[in-house]
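Hello,

Here is the structure I promised to pass on to you. Have a look at it first, and my notes follow below.

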Amino acid sequence: VSTQSTGVSPSRHHAMALRNLTTKVTTLKNGVRVVSAQKPEVPVASVGLFVGQAGPRGEQVSTTGSAQYLRRLGFKGTQNLDKDTKNLLFESNGAEFQVDVAREYLLYNVDVPHASLEAVAKPLGESLHPKFEEYLIEDEHSIVELESAPFEHDLGEKVNQVAFRHQGLGNPLYLPPSQYHKVEVDLVKYHWAKYFRNKNLAVVGVGVDHGTLENLATSEFSALDWDPEQTPKSKYVGGESLYVFDAAPTVAIGFEAPSLGSADRAAALVAQSLLGGASFSSSQAYFEGRAQAKPIRTGKLATALQGKASTGVSYSAYSDSGLFYVHASYENSSDGSSVVSGIIGELKAAAQGKFGVEDLAKAKTGAKLSVLQALETRSGLVRFLGEQSLFASSQTPEQFVKAVSDVTVEDVKRVLQGFLKSNPTFVGLGDVARGLPTFAEVKEHLSK
């Protein structure tokens, strides 16, 4: 919709669409949460089955990679349906089926015309019950390696691993090279049995009547055991790690950030927009369709380091913690210290409130627009509602957008000041053997 032809700003247009959204949340007697969102004149229904705790966060050292293989098994046959029959049921009813893995959950999602929803409910529900055979795991070894290999030096992976010390939220989202062709079927089945439980399941529907969704959840999506094992609270640690290889240097400075249910989540999102430009797709990184760290051309960091480095800011919120980090890529390794000093200088200036009313208004507008654009898509709305249901509160999309609108200068200062008081995460990738300050120097600079 063009503002020239309608007089309606993009953010207002998206907000108007959001006000026409009706959401409802219930919990069945068996523990399954059911969340529906009705949007007028939506021709396609979307249903997502979220299995909480089943992502890499819940893996042990011995079960590393299980979540990735469960994702791959989601496209195979099940305990009651062979692969061809399952695929035919999806294809003949015009359905698109996808399985994603995030750090804290797996998501089985289908988009289908309304008239065919009940016809594809059975194969969707059956996908929660994969067939566990050694040959099926062996068939996926090469594919999982091919999908994971490009992310061996992924910045987000490295920052998470250092921040949470390779445990819980620090477990690898992508299969590390040390595990290629080593994942065993019994260990994948163990991970499945541990977390695929009704109390970990949220059934989210967009464009689906709530009563219909409850009936399908009862008849097709609830044949799991009752009580799950709980993953331990993930502890943010912070620290330093340099990964030296032949590539242009990249540096990141990160901090523990507000969780999904935190009242400060909106303020952290505005701080991200202020420093590095707005970027909201999901609170968690996805293996499929994952938003990679890209150079951001707006925000105070880009202005401060213009001509020296490409910068960006990433923020991921999890069930009991979060991670906020600033990153910069530059050409000359000798510029490392000045780039780090520039990043810290802008962080400290923002934490002291050295930005104008117009800067805050622009940051809030950018943050709201990025949220609204994501929520206007079926997939974005399904993911938002699923994460809220599993890990946070029953905050509606409209309530979250209002929370962003209500962020003040003091809110942004408080959040950033909290970052600067915590133990930082300092990560360097590429040609970073020389030119970077020490971790002790980074901490000292942050604390001054």
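Predicted model: local features only at pLDDT ≥ 70, side-chain atom pairs only at ≥ 80, totals over all residues.

Helices (H or I, at least four residues) and strands (E, at least two) are DSSP runs, numbered from the N terminus. Residues are numbered from 1 along each chain as its sequence is written, and side-chain values use heavy atoms, with hydrogens and water left out.

Of the 448 residues, 56% are buried (under 20% relative accessible area, with exposed over 50% and partly exposed in between; 1.4 Å probe, protein chains only).

Strand β7 (residues 239–244) pairs with β11 in the parallel sense over six bridges; pairing takes at least two DSSP bridges between two strands. Val-244 sits opposite Gly-430 there. Strand β8 (residues 250–256) runs antiparallel to β11, joined by five bridges, and Thr-250 faces Leu-429.

One side-chain detail may also interest you. Arg-265 lies over the face of Phe-400, 4.5 Å from the ring centre (the rule asks for NZ of Lys or CZ of Arg within 6 Å of the ring centre and within 35 degrees of the ring normal).

Best wishes
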